[in-house]
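Please consult the sequence and the structure shown here while reading.

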Amino acid sequence: MMHTLFAESFATLGRLDNVTLVMVFHPQYLESFLKTQHYLLQMDGPLPLHYRHYIGIMAAARHQCSYLVNLHVNDFLHVGGDPKWLNGLENAPQKLQNLGELNKMLAHRPWLITKEHIEQLLKTEENSWSLAELIHAVVLLTHYHSLASFTFGCGISPEIDCEGGHTFRPPSVSNYCICDMTNGYHGVDDIHASPTTTESVCEVEALMEKMKQLQECRDEEEASQEEMATRFEREKRESMFVCSSEDEESAPTRDVSRHFEDTSYGYKDFSRHGMHVPTFRAQDYSWEDHGYSLVNRLYPDVGQLLDEKFHIAYNLTYNTMAMHKDVDTSMLRRAIWNYIHCMFGIRYDDYDYGEINQLLDRSFKVYIKTVVCTPEKTTKRMYDSFWRQFEHSEKGQTTLSPLPLLTTPSAPQVHVNLLLVEARMQAELLYALRAITRYMT
């Protein structure tokens, strides 16, 4: 299966990019990912090909992800895109410039999107978007926001034939990016691996014991709806105090403002400084009952492709935990997924949010919040600080020597990052699709 996937990817792209080489630890997911991305970028759809790649550039630039920006600069030019557009967003057509507001809100604060934002895009006279075009654009934006999270979370570096690729020393910031974009490489000062400590020996066993105890409590009694709501609000408040950057220094960056507007706009917690945003209740608007059908109706087959990808990431398991086999990891996977949605203000009435604090320690929450909300600030130190006894493949980073990655990734850490990016993509989509639905009704 791995050989077939590599052959198909090479035939389609003319290369094996590093995202593919990392994702291949989980071939079933990679197959779904490649199929979805191929459909979005190359198959018949509402948007012309050069628009699709330019939207990918806009989305990746919001997170300063030079790796993805550079890939799509090449693809944009290859399909006949106007090189002048690459000088800055103000040189692109007004129709694409109008997408900038939605891009920044989806990337950093999707809960603020309203039907008025949708109306503004759909009713701008000669520069207006059709509903089908807007759905295509929204899926592309969320795809590349989440893929930026995966790229930084796995420490992916440029290909051998690209600027900054195949080097044993950190790539030069002054000569790295095609469009003078920020250097996406992090962890220059953190190149050594963290030593194994005696504490890590019992880490997995302690986590498994917590899972067992929670299952027993769940079997004995179920919390009331009032208590479940209280626990959600408590977890949402606590997530505000999980600092994504954890006093880490970001890697040096260059000016990225050419590909997006309002450079000061960034992630802010769901509810802060007295500003109250209503909780998004999943039973009122869910992917399964509402989002899926809307996407499939306006952009045929994409809803099915996304649904398959979400399910594979959410249900992916080998029933292992570090050296332990035959382990049911569903409770842990659900805690990770729901914690991410909780940070975005999305609540599931049937979930006990008290389980999150039992299963996810602070260092893991810092890593999750950074990769999902501010991926450009991810460092190897954060990565090394959680689940020290787990394999890289369980966490998210892989060995692609001699590529200068953050660390050497393998399959379970990649697995965690797949959960993070798919949960993030679905959360962004839910807010955008709910706003589109409200506009339509």
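## Overall composition

Of the 441 residues in the protein, 57% are buried (buried means under 20% relative accessible area, exposed over 50%, partly exposed in between, with a 1.4 Å probe and protein chains only). The model is predicted, so local features need pLDDT of at least 70 and side-chain atom pairs count only at pLDDT 80 or more, whereas totals for chains, interfaces and linings use all residues. Residues are numbered from 1 along each chain as its sequence is written, and side-chain values use heavy atoms, with hydrogens and water left out.

The protein contains 20 helices and four strands; these are DSSP runs numbered from the N terminus (helices H or I, at least four residues; strands E, at least two). Among contacts with a separation of 6 or more, 73% join residues 24 or more positions apart, a contact being heavy atoms within 4.5 Å.

## Helices α4 and α9

Two packed helices are described by the angle between their axes and the distance between the axes. The axes of α4 (residues 49–62) and α9 (residues 131–153) come within 8 Å and cross at roughly 45°. Each axis is a line fitted to C-alpha atoms over the stretch in contact, and angles run from 0 to 180 degrees between N-to-C directions. α4 and α9 are therefore oblique to each other (under 35 degrees is roughly parallel, over 145 roughly antiparallel, 65 to 115 roughly perpendicular and the rest oblique). On the α4 side, the contact is made by R52, I55, G56, A59 and A60, and on the α9 side by H136, A137, L140, L141, Y144 and H145.

## Individual residues

| Residue | Relative accessible area |
|---|---|
| K309 | 1% |
| C154 | 0% |
| C342 | 0% |
| S286 | 9% |

K309 is found in helix α14 (residues 302–315). Leaving aside residues up to four places away in sequence, K309 touches Y29, S32, F33, T36, E422 and M425.

S286 lies in the loop between β1 (280–281) and α13 (287–298). With residues up to four places away in sequence not counted, S286 touches G291 and L430. The C-alpha atoms of S286 and R434 are 8.9 Å apart in space, while the two residues are 148 residues apart in sequence.

As for the cysteines, a search of the whole structure finds zero disulfides, a disulfide being a pair of cysteine sulfur atoms within 2.5 Å.
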